[in-house]
Every structure is written in structure tokens, then in C-alpha cells.
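Dear colleague,

Please find below the structure that I am handing over to you.

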Amino acid sequence: MNNRGLGDILKPLGNDWDVLLKDEFNKDYYLKLRQFLINEYRTKTIYPNMYKIYEALRLTSYQDTKVVILGQDPYHGPGQAHGLAFSVQEEVAVPPSLLNIYKELAADVGCYIPDNGCLVPWAKQGVLLLNTSLTVVAGRANSHRNKGWEQLTDRIITLLNQKEKPVVFLLWGNNAKSKASFITNKQHLVLMTVHPSPLSADRGFFGCRHFSRANEFLKSTGQIPIDWQIPNIN
């Protein structure tokens, strides 16, 4: 793959994010990030597939975003990551953090625990599943931290903060909470708790009721609530 080919893939396509982030893609930090990624994809195993880096933005336009769930970085195991925070491809086992999300959903809004971890149905309803870093080296969590992704995702959060229509921000864990300073518009709802990882879920994620609280807020602002139930595939 030549440099231009990968460079073109590293852009969201087909909706209003293209215009909103156009200037960002021409900034020095992003051009350096792009060159770094070209080399990384050529020399290492990087997740997600290069065609899925911006899947969250492709599936959930700026205009349609009404809930934001922030993750840390993509899953770093084979076949897991496909560009949506906390989500895995249908044929992959549900990771522990996502299973804890499902457990909280069951307790909070009565969802059954599905047989897969693909969160595309949420994305298509306006839930932006955004990681703070959008790529990772296989087997090495946080390996693309401080390479430029954070600057881009800061800009995305800043743009969402400027939305006239109220947005719910679900910030789980310290990486996500670090974005709270960019959410200054008082009409939005910011809900924060610990990460749903097995290491921390018992310290506040279980019982946080973020899903029902998000829907109550959406209804109170004249918006359609999220159907949080992920359907079974088998």
C-alpha cells in the first residue's frame, strides 16, 4: 500500500465529519501521525484493520450523535477491534469489560445478555463509540498513546460540546474522564464512573445506572431514547 493509499483511509468518509475535521487533517501533528501509522502498518500487526480506523465516525455522524461513550484504545487481541470502543466483531468472544457493561445493562434497564459483542446497533442509533486513541499494536495496550490521536479526539469532543442539541457523555475510567474539561456546555449531560474492567467495575460501575439516566435525559430533551438491547445472532 502506498503512502497516499493509507493516508486516504485515515479519514472519515461520507458524512458531516469530513467537513468538520477537514482542517484537522492538514495540521502538522496529524500529518506526523499519518506517517507514523503508515510505517506501523507496514512493519507490525496493528489493530483495527486500517479500513476500520474511523468506523465510529463513519457509522455515527456528528449531526446524529446523541450519546458518546469514550474508551481508551482498541482491543489488542486478534480479530477483536473493528473501530468501535468496547465493541468486538460478531464471531469474537465477548471481552470481560463488555460483559460487565452487559451486566449493568441487565440490572439497569432489563436487557438480556446477548451472545455477541458487536455494538453496531448502538452506533446506528447515534451512540458514538469513540476511543481516545484509535490504533494499537497487537498485544500492547496503550502502545499508540501520545502519538497524536489524543489531539484529534480532543477536537472531536470539543466539536460535540458545541452542538446545540444536548448530548450525553458517558466517561468511564481515567482516560475518558480526562476529556471532561472539554465539555463546558451546561446543556449536555456528563456521567462519570470507573472503567467497566473487572479490576474496577465493583468500585462504582455496577449500579451507576448510566443507561437509564441517559435515556431519561434524551426523553427530557425531546430526543428518541436508545434501545440498548443488542440482538442475538444465533
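Which residues are buried in α3? They are Y29, Y30, L33, L37, I38, E40 and Y41, where buried means under 20% relative accessible area, exposed over 50%, and partly exposed in between (1.4 Å probe, protein chains only).

Please note that this is a predicted model, in which local features need pLDDT of at least 70 and side-chain atom pairs count only at pLDDT 80 or more, while totals for chains, interfaces and linings use all residues. Residues are numbered from 1 along each chain as its sequence is written, and side-chain values use heavy atoms, with hydrogens and water left out.

Helices (H or I, at least four residues) and strands (E, at least two) are DSSP runs, numbered from the N terminus. Helix α3 covers residues 28–43, which is 16 residues. From its first C-alpha to its last, α3 reaches 23 Å, close to the 22 Å expected at 1.5 Å a residue; the expected span is 1.5 Å times one less than the number of residues.

I turn next to the sheet. It is an open sheet of four strands in the order β3-β2-β5-β6, with parallel pairing; two strands pair if DSSP finds at least two bridges between them. The edge strands are β3 and β6, each of which pairs on one side only. From one strand to the next, the twist averages 15°. Angles run from 0 to 180 degrees between N-to-C directions, and axes are lines fitted to C-alpha atoms, for helices over the stretch in contact.

The pairings are as follows:
- Five bridges join β2 (residues 67–71) to β3, and the two run parallel. In β3, I69 has L129 as its bridge partner, and L70 has L130.
- β2 and β5 pair in the parallel sense over four bridges, with I69 opposite L170 in β5.
- β5 and β6 (residues 189–193) pair in the parallel sense over five bridges. The partner of L171 in β6 is M192.

How many residues of β5 (residues 168–172) are buried? Five of the five are, so β5 is largely enclosed by the rest of the structure. In a regular strand the side chains alternate between the two faces of the sheet. In β5, V168, L170 and W172 are buried on one side, and F169 and L171 on the other. Strand β3 also has five of its five residues buried, so it too is largely enclosed by the rest of the structure. Its buried residues are V127, L129 and N131 on one side and L128 and L130 on the other.

The loop between β3 (127–131) and β4 (136–137) holds S133. Because its relative accessibility is 2%, S133 counts as buried. Leaving aside residues up to four places away in sequence, S133 touches Q72, D73, P74, H144, R145, W149 and E150; contact means heavy atoms within 4.5 Å.

Finally, I describe a helix pair. The axes of α5 (residues 96–109) and α9 (residues 210–220) come within 8 Å and cross at roughly 60°. That makes α5 oblique to α9, given that angles under 35 degrees count as roughly parallel, over 145 as roughly antiparallel, 65 to 115 as roughly perpendicular and the rest as oblique. In this contact, I101, E104, L105, D108 and V109 of α5 meet H210, F211 and S212 of α9.

Yours sincerely
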